[in-house]
Amino acid sequence: MGIFILLGLGLIVLISIVAMYNGLVRVKNHCGESWSDIDTELNRRYNLIPNLVETVKGYAAYEKGVLEGVIQARNKAMANNGTPVEQAKDENILIGGLRQLFALAESYPDLKANQNFLELQKELSNTEDRIQRTRRFYNGNVRDLSNRIEVFPSNIIANIFGFQKREYFELDDEAQRAVPRVEF
């Protein structure tokens with residue numbers, strides 16, 4: 001009789017360990033999936049920027065420095081395959097360049113009325129909204145993973161199997177946390 005009780009307790013402990021391990025794996029995979037979603041949206045932004053710059057070039061040819069700066073920032077951000085913190089640093093620079101580009105557009109009334117420019121600006125704004133949503137989703141998954149890694153008893157399982165916390169994808173400047181707004 002006593003052996004059955006010990007076997008029953010052992011089985012309960014084993015099932016608990018497996019459940020905690022599987023929960024950690026699920027949250028870790030959610031983090032990977034949500035980072036992939038951010039990457040998809042960032043690539044969408046990177047693809048829109050050259051079209052936007054080309055549209056502006058026709059109107060603001062002598063503003064070459066701003067246009068080149070945006071393309072350089074885009075290329076650097078696009079080539080970054082580092083951590084979320086490293087990616088956020090490059091994204092901050094790119095967002096600043098886009099703000100300069102939109103501020104530049106204010107000086108050109110014909111550009112502000114150009115249908116192609118307006119459509120690209122709208123698409124970029126929609127993409128920024130999507131990036132913000134995917135960033136929140138990713139950061140929520142990172143929070144959940146961190147909680148499971150730190151909370152007892154799953155922290156024991158996380159340490160045994162080497163689960164690591166992930167970095168949040170955050171922007172440095174509060175003003176940059178908002179979607180860039182451009183009013184024409």
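1. In this predicted model, the crossing of helices α1 and α5 is left-handed. Helix α1 covers residues 2–57 and helix α5 covers residues 115–150, and their axes come within 8 Å of each other while crossing at roughly 160°. Because angles over 145 degrees count as roughly antiparallel, α1 is described as roughly antiparallel to α5. Sorted by class, the residues in the contact of α1 with α5 are 18 nonpolar, ten polar and eleven charged.

2. The largest nonpolar core has 36 residues, and those touching the most other members are Leu24, Leu52, Val56, Leu94, Leu98, Leu101 and Phe117. Two or more residues of this core come from each of the elements α1, α2 (64–79), α3 (84–105), α5 and α6 (154–160), and it is α1 that gives the most, with eleven residues.

3. Which residues is leucine 94 in contact with, once its neighbours within four places in sequence are left aside? They are Arg45, Tyr46, Ile49, Val70, Ala73, Arg74 and Ala77, and leucine 94 is itself one of the core residues that touch the most other members.

4. Asparagine 43 is placed in helix α1, and is partly exposed because its relative accessible area of 30% lies between the limits of 20% for buried and 50% for exposed. Between asparagine 43 and glutamate 68 there is a separation of 25 residues in sequence, and in space the two are 19 Å apart, C-alpha to C-alpha.

Terms used. Residues are numbered from 1 along each chain as its sequence is written. This is a predicted model: local features need pLDDT of at least 70, side-chain atom pairs count only at pLDDT 80 or more; totals for chains, interfaces and linings use all residues. Side-chain values use heavy atoms; hydrogens and water are left out. Axes are lines fitted to C-alpha atoms, for helices over the stretch in contact, and angles run from 0 to 180 degrees between N-to-C directions. Helices (H or I, at least four residues) and strands (E, at least two) are DSSP runs, numbered from the N terminus. Angles under 35 degrees count as roughly parallel, over 145 as roughly antiparallel, 65 to 115 as roughly perpendicular and the rest as oblique. A crossing is left-handed if the near helix is turned anticlockwise from the far one by less than a right angle, and right-handed if clockwise. Ala, Val, Leu, Ile, Met, Phe, Trp, Tyr, Cys and Pro count as nonpolar, Asp, Glu, Lys and Arg as charged, and the others, Gly among them, as polar. A nonpolar core is a set of buried Ala, Val, Leu, Ile, Met, Phe, Trp, Tyr and Cys residues joined through side-chain atoms within 4.5 Å. Buried means under 20% relative accessible area, exposed over 50%, partly exposed in between (1.4 Å probe, protein chains only). Contact means heavy atoms within 4.5 Å.
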